[in-house]
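Please read this short report next to the sequence and the 3D view.

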Amino acid sequence: MVSGQASRWVHRSMKYQSELDSGFGEKIAKAAYGEKLFSCIQCGTCAATCPVSHYMDYTPRRIIAMVREGFRDEVLNCQTIWLCASCYSCTVDCPKEIKITDVMYALKQEAMTQGIYPKRFPIPILAREFFRGVEQAGRSNEGPLMVRFFLKTNPLGMIRNIPIAWRLWRTGRLSLRQEHTRDKNTVRTLLRAAKKA
Amino acid sequence: MSYCYFPGCSLKSTGRAYEESLLAVFRALEVPLQELDDWNCCGATSYMSVDEVQAFTLAARNLGLAEKLGGGNGHGPMDLVAPCSACYLVLSKTQRYLVEHADLARQVNSGLQAVGLTCENRVRVRHPLDILVNDIGLERIAKLVKERLKGLKVASYYGCQVVRPFATFDSPWAPTTMDRVVEALGAKAVKWPLKTRCCGGTLIGTVPEVGLRLSQILLQEAQRREADVVVTVCPLCQYNLECNQDEMGRRLGEPIRLPVLYLTQLMGLAFGLPERDLGMQRLFVPFRRTAAAQEGGRAVHV
């Protein structure tokens, strides 16, 4: 964030280079499997092909530019990275073959690790709850996942979803029986070992 | 021909009708699908947002389990069939990245060793569409058709992750495999440009205002092109497009009512299989073919 008032009258709205995180671009490029991030020509194809760009605070093109320049806080706090639905349109269309979806994943992971994402923003909370559920049972259980998700984000939202949940139940599409791997600890053991390596 | 089958979590709950109809159709085609024993969640899109190495390791366990079963058809690599788009993408991606990135492969494999497995790229991840068109063939499908779906206009919805970015069996923007199966059933495949546009995925649960709108755009376009039914091959797409139609009407206005089936349900109907075997009773928006058969097609009662 820009450090604020320059004087009583003048507000500085632009960052000095010294305020940027100069290693951020490299870090994200590495996490997203490619230095290609730096060959972006800012053509905007990603923004045009993205079905969710209407709702983003920064388009994918701007995200790439900001990551490269080191606008770490702005990028990690924005909604764009979470709105990305992983449809891979940008990745397939990018003329410089930048794996933009992977860049978004790298940013989500970084925001998650640092614990900085928009507070009570439902998307990272769903990701986290999904992760926990799978760690516990080895499989994802949609019913319990949605209950935990609503409790943590918007308990009133649960009420609004009762009609749809009821119909899912009636049609046998929602079960309270927990699906799990034979040994529930398999996945936990597996993930722990991978993490240590 | 025999295949190892990876159902994934959704096909055991919201997408049950997909599993039921898929198994029924493949049985009718005399192509057995053997469920992978003790499979685990592929991690979908959420896992990758939290921890990448763990996400790849999670998916790789399934590849390792399939590898352990040994060679598949003709002792080549084992074919692992993943009907859910997210599973198909994640398993394909894992396999590709483990080959391309040695560091990642080392980390993942040391995780796998802890549970007595390895992952050495000896599995082929396949999508049912790929198998239907390239292994089984449209002729064999057409031969099984008992009730041609003449006059029925079908919008084939592929969604994103089946064709992007790892599929090799079809085009990422203008895929045709599903349309060709639909035509083999005697129905008419409607031309529509949104067939690979994103339905919103999990956004419908997290930020409904966005997810509902993305799905509604697809349904409106299908309707504008006079489709009688949308068919899809992804449990999340099917849920988004079908189960949320009331909510779309309530929140965004312009109510819509269009049946959304799994491709395999439509195939099963054409093959004359019993409805219950295809999970037709699980639909929110019932499908009636009578209305569809207006253009000289034989009225078929469902």
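The sections below start with conventions and then turn to the chains.

## Model and numbering

This is a predicted model, where local features need pLDDT of at least 70, side-chain atom pairs count only at pLDDT 80 or more, and totals for chains, interfaces and linings use all residues. Residues are numbered from 1 along each chain as its sequence is written, while chains are lettered from A and ligands numbered from 1 in the order in which they are written.

## Overall build of chain B

Chain B holds 13 helices and 8 strands. Helices here are DSSP runs of H or I with at least four residues, strands are runs of E with at least two, and both are numbered from the N terminus. The C-alpha trace spans about 60 × 45 × 30 Å along the principal axes of chain B.

The radius of gyration of chain B is 19 Å, which agrees with the value near 19 Å for a compact globule of 302 residues. That radius is taken over C-alpha atoms, and the globule rule is 2.2 Å times the number of residues to the power 0.38.

Of the 302 residues in chain B, 60% count as buried. A residue is buried if 20 or more other C-beta atoms lie within 10 Å of its own, exposed if 12 or fewer, and partly exposed in between; the C-beta atoms are placed from the backbone. Take the contacts in chain B between residues at least 6 apart in sequence: 76% of them join residues at least 24 apart. Two residues are in contact if their C-beta atoms, placed from the backbone, lie within 7 Å.

## Backbone geometry

Most residues other than glycine have a negative phi, and most peptide bonds are trans. R164(B) and P165(B) are joined by a cis peptide bond, with omega about -10°. P165(B) sits in the loop between β5 (153-157) and α8 (177-184) of chain B.

Q42(A) is not glycine, yet its phi is positive, near 55°. Its place is the loop between α1 (24-31) and α2 (45-49) of chain A. With 13 other C-beta atoms within 10 Å, Q42(A) is partly exposed.

E226(B) also has a positive phi, near 65°. This residue lies in the loop between α10 (208-224) and β7 (229-232) of chain B. E226(B) counts as exposed because it has 11 C-beta neighbours inside 10 Å.

## L168(A) in its helix

L168(A) belongs to helix α11 (residues 162-170) of chain A. Is L168(A) buried or exposed? L168(A) is buried, since 22 other C-beta atoms lie within 10 Å.

Leaving out residues up to four places away in sequence, L168(A) touches R173(A), L174(A) and T14(B). L168(A) and G143(A) are 25 residues apart in sequence, and their C-alpha atoms are 9.9 Å apart in space.
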